[in-house]
Amino acid sequence: MLSSEEYDKDLTVGEVARRSGVAVSTIHFYEAQGLIRSWRNSGNQRRFSRDVLRRVAVIKVAQRLGISLASIADALNALPEDRTPTTADWQCMSERWRQELDERIAKLTRLRDNLDGCIGCGCLSIRDCPLRNPWDELGDGGAGPRLLDPA
């Protein structure tokens with residue numbers, strides 16, 4: 001158990017990396033992307049408050065779910081700077097991602113359900129393509145698969 005003195009102590013970049021399970025370079029990258037913040041002490045050494053550990057944990061989980069760094073940054077920027085986020089703060093943040101995740105699940109489900117018939121590229125290489133593309137009309141739209149993932 002940490003004493004109150006140890007709990008109030010700011011963390012070095014190495015301590016944040018060790019405690020969060022990510023490389024120091026990743027901590028620097030997250031900071032450069034505006035996902036976390038630090039300051040410099042009188043010896044010009046980088047220091048982090050302890051709440052950065054929770055933020056790094058959320059970043060790691062969100063990335064694992066496929067949430068973009070831009071979306072993670074938007075969500076983290078909505079959290080308070082002057083205090084550790086509450087359960088309600090984290091719930092609001094997670095609700096922001098729910099629609100994005102639901103859309104991704106629907107897109108992946110459509111892709112999975114149509115993958116055995118065609119990958120949606122319009123190549124006309126499959127005689128019985130369920131997404132027929134006579135005269136390669138889709139070729140004018142550019143290269144790559146576009147029918148199953150129009151984005």
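Visitor: What covers the buried residues of H2?
Guide: The cover includes helix H3 (24-32), strand S2 and helix H4. Keep in mind that this is a predicted model.

Visitor: Which residues of H2 are buried?
Guide: Helix H2 spans residues 13-20, and its buried residues are Val13, Val16, Ala17 and Ser20.

Visitor: Why are they on the same side of H2?
Guide: They cover an arc of only 100 degrees around the axis, so they end up on the same side of H2.

Visitor: What comes just after H2?
Guide: Gly21 does, and it takes a positive phi of about 80 degrees.

Visitor: New topic. Where does Arg47 lie?
Guide: Arg47 lies in strand S2, residues 46-47.

Visitor: Is Arg47 buried or exposed?
Guide: Arg47 is buried, yet it has no salt bridge.

Visitor: Which side chain of opposite charge is nearest?
Guide: Asp10, and it is 6.3 Å away.

Visitor: What polar contact does the Arg47 side chain make?
Guide: It is joined to the side chain of Gln45 by a polar contact of 3.0 Å.

Visitor: What else does Arg47 touch?
Guide: Not counting residues up to four places away in sequence, Arg47 touches Asp10, Leu11, Thr12, Ser38, Trp39 and Asn41.

Visitor: On to the largest nonpolar core. How many residues does it have?
Guide: It has 25 residues. Ile27, Ile36, Ile72, Leu76, Met93 and Trp97 touch the most other members.

Visitor: Which elements give two or more residues to this core?
Guide: H2, H3, H4, H5 and H6 do. The largest share comes from H4, with six residues.

Visitor: What is Ile36 in contact with?
Guide: Leaving aside neighbours within four places in sequence, its contacts are Ile27, Tyr30, Glu31, Phe48, Val52, Arg55, Val56 and Ile59.

Visitor: Last one. Which residues are buried in H5?
Guide: Helix H5 covers residues 69-77, and Ser71, Ile72, Ala73, Ala75 and Leu76 are buried there. The buried residues of H5 pack against helix H4 (51-64) and helix H6 (87-114).

Technical notes
Residues are numbered from 1 along each chain as its sequence is written. This is a predicted model: local features need pLDDT of at least 70, side-chain atom pairs count only at pLDDT 80 or more; totals for chains, interfaces and linings use all residues. Side-chain values use heavy atoms; hydrogens and water are left out. Helices (H or I, at least four residues) and strands (E, at least two) are DSSP runs, numbered from the N terminus. Buried means under 20% relative accessible area, exposed over 50%, partly exposed in between (1.4 Å probe, protein chains only). Lys and Arg count as positive and Asp and Glu as negative; His and the chain ends are not counted. A salt bridge is a side-chain nitrogen of Lys or Arg within 4 Å of a carboxyl oxygen of Asp or Glu. A polar contact is a pair of N or O atoms within 3.5 Å; within protein, one must be able to donate a hydrogen and the other to accept it, and residues adjacent in sequence count only if both atoms are side-chain atoms. Contact means heavy atoms within 4.5 Å. The arc is that of the directions from the helix axis to the C-beta atoms. A nonpolar core is a set of buried Ala, Val, Leu, Ile, Met, Phe, Trp, Tyr and Cys residues joined through side-chain atoms within 4.5 Å.
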